[in-house]
Amino acid sequence: MLIIYILLVLIWSTGFITGKFIVGLIDPNVYLTIRFALAGTIFVVLALALKRAFPPKREWPKHIFAGVLLNSFYLSFAYIALAQGLPAGVMALIGSIQPILVTLLAFLLIKEKTSLLGVIGMFIAIAGLLLVISPSLNLGVQEATFSPWLALLGVAGVLCLAFGSIYQKMSISGSDILASMAIQNLAAAVVAFGFMMTLQESLFVQSWESYALIGWGVLILSCGGVFLLVWLLRKVKASQVSTLMLLVPPLAAIEGYFLFDEALTHLQLIGVATTLMGVYLSRLKWPFLSRKPQSQID
């Protein structure tokens, strides 16, 4: 399972890097429309080739709802907010509330409980994340020139990600994952296309870089990263998966240091270590607080 966790964090961290690479080459929702449409097609082909059962048509609205929340609404809202001037550090700050939202929604909607140690580890990891993103936060009066509506748009995106994550563990979790991912991605493509038309996005520079970014987004981010996220959400507690995702921004900061020559301060390195410690702590159990048999594995 450890290798799955490592792959998930590594793949999702490249999403930040991909978002930087597409600037000037492909408009955000043009990119997302192509990515989701091709990923959905691949999942359809895989499901048919492996003779996987698709859910009854009466269940499709649930899969569509989950897909547009987890994919198109989350990414489109975040991309729009960033494109309109919301600082990346502020978006990351907003994203830090995601595991708290997931833990709360999991308790309210599916009665999933989180241990005290898991909550402590989560908040330690969030504190570490804040140290990592602190240099990119411009919260002074003079610097904070972005509209509050952009921050609300970012919050809406994180809410969609949190609720979409929990929805993956509800009634649709019994469906075949390949068939479900096919429906979810194709539905997300339709919504992203709607955003593209509404915002009149059309930029697509014909170059090998553009096609490489499309390939990476389809095969690695959607067919790899999102698939692993949904698979893990079906296997372990949602709060554990969301806390693990707090490692994504710190790893992206390290990747930015090597790929874009971005600064990486001592404070950020302390933040990376703190986030790692918090995520590790959230995975531990205190035997005297657990009622489960010690032989039971998460």
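1. Leu2, Ile3, Ile6, Leu7 and Leu10 together make a nonpolar surface patch of about 460 Å². A patch is built here from residues with over 30% relative accessible area and no salt bridge, with nonpolar side chains (Val, Leu, Ile, Met, Phe, Trp, Tyr) joined within 5 Å and like charges within 9 Å, and accessible areas come from the Shrake-Rupley method with a 1.4 Å probe, where for residues only the protein chains shown count as cover.

2. The model is a predicted one, in which local features need pLDDT of at least 70 and side-chain atom pairs count only at pLDDT 80 or more, while totals for chains, interfaces and linings use all residues. Residues are numbered from 1 along each chain as its sequence is written, and side-chain values use heavy atoms, with hydrogens and water left out.

3. An α-helix has 3.6 residues a turn, so residues three or four places apart point the same way.

4. Helix 9 (residues 208–235) has 28 residues and spans 38 Å from its first C-alpha to its last, close to the 40 Å expected at 1.5 Å a residue, where the expected span is 1.5 Å times one less than the number of residues.

5. The structure holds three salt bridges, each defined as a side-chain nitrogen of Lys or Arg within 4 Å of a carboxyl oxygen of Asp or Glu. One of them joins Asp176 and Arg52 (2.9 Å, N to O), and this pair links distant parts of the chain, 124 residues apart, with Asp176 in the loop between helix 7 (148–167) and helix 8 (177–198) and Arg52 in the loop between helix 2 (28–49) and helix 3 (60–83). Asp176 counts as buried at 19% relative accessibility, whereas Arg52 is partly exposed at 33%.

6. Lys169 and Glu112 meet in a salt bridge at 4.0 Å, N to O. That pair also links distant parts of the chain, 57 residues apart, with Lys169 in the loop between helix 7 and helix 8 and Glu112 in the loop between helix 5 (98–110) and helix 6 (116–133). Glu112 is buried, with a relative accessible area of 11%.

Key. Helices (H or I, at least four residues) and strands (E, at least two) are DSSP runs, numbered from the N terminus. Buried means under 20% relative accessible area, exposed over 50%, partly exposed in between (1.4 Å probe, protein chains only).
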